[in-house]
Amino acid sequence: MEISKVQLSFEELLDSKYLAIEIKDKITQGMINILMEKMRRYTGGDSSLSKEKTQSLMDSILYTLSFYMRDIDMQNMIEILKTQDVVEVYKQSQYHLLQQLHHLYLRVQELQSHKLNISLDVYQETITKGLTAFFDVYNFDYCSQDIVLTLDYPTCYPLKQVGLEQIIEYVHYLEIEHDFLNCFQESDIEKVLKGYCFYEHGIIDNISLLFINQLLIKSLIGYNQDFLFQNQEEINQLYQVLSSYSSKELYDVLYRQLQILIMSLESPYQQEILIYFTYILNDLVSYLHQHNQFHTLKNAVACAF
């Protein structure tokens, strides 16, 4: 297979056939030199370290190099490793990581300035304290691979990355959700959330997921400015609508309603918001069909009456 058609991470490349043995040996020796310098600085001159800590320092070196290389195509990655000393590449990698860390810090500050004034403690604590604490404890030099942060508040879309990439991914998802939620009145959002019995009991859930589900379900019987189901008649209408659709038909209807809803928002990020929330539709269709009974439908749509 042509190299141009292959995409490997830095660590995968080190174990691959695409690097000559002598290049791999040069990289290995360079990483050992970096490790020895880190050990000297970490211990203040004493090279004695536990096996676990030594491995942690090497993992940090690998992670920093991998973080730098993640957006470089494999041909360019190979060229860099062939022509540059690994020690110099590592310095570039550290500088790149610090740049991304600073950029992430500015994004978190912006996110905090637009957070919702919603009475959900886990949301408030994670946005205001949890993300800020990450920057206080993150050690880019000795433990760049370790992310000491518990992301208690869930995003609508599941996280796929690890390490610093996971924090970047988490903040990105929160930015999309806030772009969406900030198009509505906080009082309306709070009103919808309190319609869910488990919201009042403190069980963690995602604000935008609850809110957009309510909007989409309500749209099935005719969207209006009242986001909540207010009476049994509306529940009856919803029951009849759900009974008339197959799963595929219901998905198609909800997707069209999602498009209409998102395109009506006063946001420059409509397309990104639409792609983000399309993910929830299969779960929503399954949930509605599962609860398509008179005695469960009221709880399923979280009515406030």
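Modeller: First, a term: helices (H or I, at least four residues) and strands (E, at least two) are DSSP runs, numbered from the N terminus. The model is predicted: local features need pLDDT of at least 70, side-chain atom pairs count only at pLDDT 80 or more, and totals for chains, interfaces and linings use all residues. Residues are numbered from 1 along each chain as its sequence is written, and side-chain values use heavy atoms, with hydrogens and water left out.

Biologist: What percentage of the residues count as buried?

Modeller: Buried means under 20% relative accessible area, exposed over 50%, partly exposed in between (1.4 Å probe, protein chains only). The chain has 305 residues. Those that count as buried make up 48%.

Biologist: Which residues does Ile 207 touch, not counting residues up to four places away in sequence?

Modeller: Contact means heavy atoms within 4.5 Å. On that basis Ile 207 touches Leu 116, Ile 118, Leu 120, Tyr 123, Tyr 153, Leu 181, Ile 189 and Leu 193.

Biologist: Which helix gives the most to the lining of the second largest pocket?

Modeller: On a 1 Å grid over the protein atoms alone, a pocket is an open set of points where a 1.4 Å probe fits, with protein on both sides within 12 Å along at least five of seven lines; lining residues have an atom within 4 Å of a point. Helix H1 (10-14), helix H3 (51-69) and H7 each supply at least two lining residues. The top contributor, with four residues, is H3.

Biologist: Which lining residues lie nearest the centre of the second largest pocket?

Modeller: The lining has 17 residues. Nearest the pocket's centre are Glu 11, Tyr 63, Ser 66, Phe 67 and Glu 165.

Biologist: Is His 96 buried or exposed?

Modeller: His 96 lies in helix H5 (residues 86-113). There His 96 touches Phe 67 and Tyr 68, not counting residues up to four places away in sequence. Its relative accessible area is 17%, so His 96 is buried.

Biologist: And Tyr 95: buried or exposed?

Modeller: Tyr 95 is also found in helix H5. Its C-alpha atom is 9.1 Å from that of Tyr 68, 27 residues apart along the chain. Its relative accessibility is 54%, so Tyr 95 counts as exposed.

Biologist: Where is Gln 84 found?

Modeller: Gln 84 counts as partly exposed because its relative accessibility is 26%. Leaving aside neighbours within four places in sequence, Gln 84 is in contact with Lys 26, Val 89 and Gln 92. Its place is the loop between helix H4 (74-83) and H5.

Biologist: What separates the C-alpha atoms of Leu 8 and Met 69?

Modeller: Leu 8 sits in the segment before H1. Along the chain, Leu 8 and Met 69 are 61 residues apart. Their C-alpha atoms are separated by 9.8 Å.
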